[in-house]
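Hi,

Here is the structure I said I would pass on.

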Amino acid sequence: VQLVESGGGLVQAGGSLRLSCAASGNIFRVNAMRWFRQAPGKQREFVAAITSGGRVNYADSVKGRFTISRDNAKNTMYLQMNSLKPEDTAVYSCTAHVLEEGVGVFDAWGQGTQVTVSS
C-alpha cells in the first residue's frame, strides 16, 4: 500500500491550498484517514481526521479554516486549507488505517508535502 500526497507549495498569508492524499495498492478497505504536520524543530502534530463514514475531527488550531474530506471510491483524502497563516508552515503527511489483502490491518504513511506560508 502506498500513500502519495500532493498539492503543497508556497502561498502568502491569507491564501489557500488544497492537499490530496491518494492510497493505492492491494487495498481491501481504507478506514480512518488523518493529516499530521511537522514544522522545523517541532514535534509532529495532529491536524485533522476523517472516518470512512465521514465523521471528522480537527485540531483547535485549524478549526474553521481547514476542511477535511474524502472520496471513498478513489481512496483519496483531501485537506482544503483556507486563511493560511505563517504558523501553518510545515511538512504535511497523511496516514490511513488500511486493510490490505493478504497482509492485514496497519497504518500506512505518505512521504509528506511541504506547505510554506509567507507573511
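Let me start with M81: leaving out residues up to four places away in sequence, M81 touches G15, S16, L17, L19, R65, F66, Y92 and V115. Contact here means heavy atoms within 4.5 Å.

Before the rest, some housekeeping. This is a predicted model, with pLDDT of at least 70 needed for local features and 80 or more for side-chain atom pairs to count, while totals for chains, interfaces and linings use all residues. Residues are numbered from 1 along each chain as its sequence is written, and side-chain values use heavy atoms, with hydrogens and water left out.

Back to M81, then. Along with W35, L79 and Y92, M81 touches the most other members of the largest nonpolar core, which has 31 residues. By nonpolar core I mean a set of buried Ala, Val, Leu, Ile, Met, Phe, Trp, Tyr and Cys residues joined through side-chain atoms within 4.5 Å; buried is under 20% relative accessible area, exposed is over 50%, and partly exposed is in between (1.4 Å probe, protein chains only). Strands supplying at least two residues each include β3 (17-24), β4 (27-38), β8 (76-81) and β11 (113-118). The top contributor is β9, with five residues. Strands are DSSP runs of E, at least two residues, numbered from the N terminus.

Now the charges. The whole structure has four salt bridges, taking a salt bridge as a side-chain nitrogen of Lys or Arg within 4 Å of a carboxyl oxygen of Asp or Glu. What I'd look at is the network that links R37, E45, R65 and D88. R37 pairs with E45, with the closest N and O atoms 2.5 Å apart. R37 is buried at 5% relative accessible area, whereas E45 is partly exposed at 35%. R37 also bridges to D88, where the closest N and O atoms are 2.9 Å apart. Because R37 sits in strand β4 and D88 in the loop between β8 and β9, that pair ties together parts 51 residues apart in sequence. D88 meets R65 as well, at 2.7 Å from N to O. This is another link between distant parts of the chain, as R65 lies in the loop between β6 (56-58) and β7, 23 residues from D88. D88 and R65 are both buried.

There is one disulfide in the whole structure (cysteine sulfur atoms within 2.5 Å). C21 and C94 form it, with their sulfur atoms 2.1 Å apart. The S-S torsion is about 70°, so the disulfide is right-handed. C21 is in strand β3 and C94 in strand β9, 73 residues apart. C21 is buried at 0% relative accessible area, and C94 is buried at 0% too.

Last, the hairpins. β4 and β5 run antiparallel, joined by five bridges; strands pair if DSSP finds at least two bridges between them. F36 has F46 in β5 as its bridge partner. Six residues lie between the strands of this hairpin, and G41 takes a positive phi near 75°. β5 also pairs with β6, antiparallel over three bridges, and A48 stands opposite Y58 there. That hairpin has five residues between its strands, with G54 in the turn at a positive phi of about 100°.

Cheers

Conventions. Helix = DSSP H or I, 4+ residues; strand = E, 2+ residues; numbered from the N terminus.
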